[in-house]
Amino acid sequence: MKQKQMEAHLEKTLHENNVVQRDTLNGMMKCSGGSCSFADRTLTMEFPVDRWQTNRVGQIHGGMICTAFDVTLAALARFFAGENYAPTVSLDVKYIRPVEAGDTLIVTAKATQTGLRITQLTGEAVRKSDGKLAATAASIFMNIDTMKERMGGR
């Protein structure tokens, strides 16, 4: 049951990013594919590396890698937050090796702790061309009760 809910959440997220938000940075990232495992507490998305995302030497800009992590990690954090809003509190990225334009960045998020107020996640990004690790991430998201926020309470 939970696996099916997670799969539906992933499909909804991909639709929101690529259709509803197509003119935003999330939409321009063109995330696709994707898989998830409730048992493993993971979610994976793929991001094609387009020329506009590269730095002066034709490799994906570090900010774009960070964005791919934030999109993927946030999708998993939102799943565990349920109806709550889950903004990023911190995101620490370590860059390991470059990714060339024309390749695809595959980002996997893993929830390491899911509490009532805080969700902690880690991430790995690999190059699709050879499966080598390109970057890692660690993040914290806060679960904000949107009903309390609408009512003015904190």
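1. Helices (H or I, at least four residues) and strands (E, at least two) are DSSP runs, numbered from the N terminus.

2. Before going further, please note that this is a predicted model, in which local features need pLDDT of at least 70 and side-chain atom pairs count only at pLDDT 80 or more, whereas totals for chains, interfaces and linings use all residues. Residues are numbered from 1 along each chain as its sequence is written, and side-chain values use heavy atoms, with hydrogens and water left out.

3. The length of helix 3, which covers residues 62-81, agrees with expectation, because its 20 residues at 1.5 Å a residue should span 28 Å and its end C-alpha atoms are 28 Å apart; the expected span is 1.5 Å times one less than the number of residues. Just after helix 3 comes G82, which takes a positive phi of about 70°.

4. Within helix 3 lies L73, which counts as buried because its relative accessibility is 1%. Leaving out residues up to four places away in sequence, L73 touches L91, A109, L121, T122, G123, A137, S139 and F141, where contact means heavy atoms within 4.5 Å. Between L73 and G115, which are 42 residues apart in sequence, the C-alpha to C-alpha distance is 15 Å.

5. F80 is also placed in helix 3, and at 21% relative accessibility it counts as partly exposed, whereas F79 has 15% and counts as buried. The structure holds three aromatic pairs. F79 and F80 form an edge-to-face pair, with 5.2 Å from centre to centre and 80° between the planes. For such pairs, rings of Phe, Tyr and Trp (its six-membered ring) must have centres within 6.5 Å, and planes under 30 degrees apart count as stacked, over 60 as edge-to-face and the rest as tilted. Together with F38, the residues F79 and F80 form one aromatic cluster.

6. Apart from its neighbours within four places in sequence, F80 is in contact with M6, F38, R41, A111 and T114. The C-alpha atoms of F80 and A125 are separated by 21 Å, and these residues are 45 apart along the chain.

7. Setting aside residues up to four places away in sequence, T44 touches G34, S35, I106, V107 and T108.

8. As for the whole, the protein chain has four helices and six strands, and from the N terminus on its elements run α-α-β-β-α-β-β-β-β-α. Of its 154 residues, 38% count as buried. Among contacts in the protein chain with a separation of 6 or more, 67% come from residues 24 or more positions apart. The C-alpha atoms fill a box of roughly 50 × 30 × 25 Å, taken along the principal axes.

Note on methods
Buried < 20%, exposed > 50% of the residue type's maximum accessible area, 1.4 Å probe, protein only.
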